Each structure stands twice: as C-alpha cells, then as structure tokens.
Amino acid sequence: MGRPRDAGVERRALDAAARVLADHGHGALTVDAVAARTGIAKTTLYRRWPTRAHLLATVAHAALAPPSTGATDDLAADLRGALGTLATALGRASHAGLLAEVVAASAHHPDLRAALHALGEVRRAATRDRLARAVADGRLAPGTDVELVLDQLLGPVYLHVLVVGDTPTPDYVRRLVDAVLAGAGHPGGARSGRGGSGRGDVGHEDSGRGSSGRGLHSDGPAGTPPADTTSEGSP
C-alpha cells in the first residue's frame, strides 16, 4: 500500500500554483515552477499530478469554484449573482486560458474529462438546487426541466468566454436570466423579457414557449397541432 498523500504538501503546492497563475498567467504554470517556489521535489508533485494539464485542472477547480452564498426570495437576482460571479471568474485571462487548455487536454486523458465534469458539476449543483426550490415553491411551473434551464443559463457564459473571447457584461447576464426565466414561465422573467409589458402571468398563451412553440414545461409533444374548436356548422 502506498503512502497517503500529505495534505500539507498539496496545499503548499496549490498555493504556489495560484501565485504563479496570478503573477505570470497560465502559460507559466508548470510543475517545475511550483517545485521552484515550494522546494517540493518534482517526483512528489508528479505523483500527485502526472501531467501539467492535471495540475491545471486542480488549480481551475479551486479558482472557479462558486462562492458560498445563501439564496434569497428573488430568484432572478440569485441567478444573476451566480452567473455574474462565473463570468467574472472566467473572464480573467489567466483563468480562461487555463480552462481552455484543460478542455483541450481532456481529449487525451479520460481522468481529465472526469475532472472537468466535476468542475462543471460544482457550478451546476448550487444553481440546480436554487431552481429546484423555485419549482417546489411555485415560482417556476411544475414540470420545469431544471437541467435544460441550467444549460440555457450556463452555456452562453462559457460560449462567450471560451469561443467568442469576451466577458459577458452585467447587462448581458440580466437579459440572459430574464429571457431564460420567461421561457420557463417565471412571472418576473416574463415581464422583463417582454420589454416591460407587465404581462407576467404563466398562463399567457406565449408564456414558456420558444420558437418551436413548445415550452420548457409543455404537456404535449412538439409539433402537436391545436385542437379544432370550430363547430361543424360554422361557415
């Protein structure tokens, strides 16, 4: 049986890695750089992180973990806060480059794919719980597809940072949250998403529908035609 990991050594290594990242960017973050800063033997570091990408994945997990914040009674504000902190964290050039490199390396390392999944799940878990509570207390319609709403909220933020190459602004985050909540039948989101028309009732004929005409909590299959309410004797 191998020797157990020394948590103190790992903490020192990660603290040093965070300083390298902050001072010089993700390109300078190597096992050699961490060894030079800490005096920890490279063999010890490589036992914990077999490649540079594995080290980057661990650093990314720490750098991009969501802050612990309590939920409020304002669902839209809670979601704007969660997406805003994610956008800010990802928007730092060092963090965006770090995550992009881990994504690329994960194509060759199955364990890195698992690490990426774990990183994404940390972000999704808190928001998933908030959305589930909103369904339970009636702020979102029964049957709302929480996982789909999560994808719609988080996906554009990652897209902007990793593909488009810019950081979502607070105004973009606000409009994104309003649009997604409007599609999910949330009254506040519906009002904001309709340019202040004030129509926030979930039962409105357009509530919760995308371009396909099917809402996130639709009872019928996509493409189901409306019932024919015309009587046989009507002209």
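User: Is Lys42 buried, partly exposed or exposed?

Analyst: Relative accessible area sorts residues into buried (under 20%), exposed (over 50%) and partly exposed in between, using a 1.4 Å probe and protein chains only. Lys42 has a value of 41%, so it is partly exposed. Bear in mind that this is a predicted model, in which local features need pLDDT of at least 70, side-chain atom pairs count only at pLDDT 80 or more, and totals for chains, interfaces and linings use all residues. Residues are numbered from 1 along each chain as its sequence is written, and side-chain values use heavy atoms, leaving out hydrogens and water.

User: Which residue forms a salt bridge with Lys42?

Analyst: A salt bridge puts a side-chain nitrogen of Lys or Arg within 4 Å of a carboxyl oxygen of Asp or Glu. Lys42 pairs with Asp32, and their closest N and O atoms are 3.3 Å apart. The two belong to distant parts of the chain, ten residues apart, with Asp32 in helix H2 and Lys42 in helix H3 (residues 42-48). Helices here are DSSP runs of H or I with at least four residues, numbered from the N terminus. Asp32 is partly exposed too, at 43% relative accessibility.

User: How many salt bridges does the structure hold?

Analyst: There are 14. In one of them, the side chains of Arg52 and Glu101 meet at 2.1 Å, N to O. Arg52 sits in helix H4 and Glu101 in helix H6, so this pair ties together parts 49 residues apart in sequence. Arg52 is partly exposed at 23%, and Glu101 is partly exposed at 27%.

User: Which residues are linked in a network of salt bridges?

Analyst: Look for Glu121, Arg124, Arg128, Glu147 and Asp151. The side chains of Arg124 and Glu147 meet at 2.8 Å, N to O. This pair joins helix H7, where Arg124 lies, to helix H8, where Glu147 lies, 23 residues apart. Arg124 is buried at 17%, whereas Glu147 is partly exposed at 33%.

User: What is Leu29 in contact with?

Analyst: Contact means heavy atoms within 4.5 Å. Setting aside neighbours within four places in sequence, Leu29 contacts Ala17, Val20, Leu21, Val34, Arg52, Leu55, Leu56, Val59 and Leu98. Arg52 in this list is the salt-bridge partner of Glu101.

User: Is Asp78 buried or exposed?

Analyst: Asp78 is buried, with a relative accessible area of 15%. Its place is in helix H5. Not counting residues up to four places away in sequence, Asp78 touches Ala71, Thr72 and Arg130.

User: Which residues make the nonpolar surface patch?

Analyst: Nonpolar patches join side chains of Val, Leu, Ile, Met, Phe, Trp or Tyr within 5 Å, from residues with over 30% relative accessible area and no salt bridge. Here Val103, Leu159, Leu162, Val163 and Val164 make a patch of about 420 Å², with areas from the Shrake-Rupley method and a 1.4 Å probe. H8 gives four residues, the most of any element. Val103 lies in helix H6 and is partly exposed, at 39%.

Methods:
Patch = residues over 30% accessible without salt bridge, like charges linked within 9 Å, V, L, I, M, F, W, Y side chains within 5 Å.
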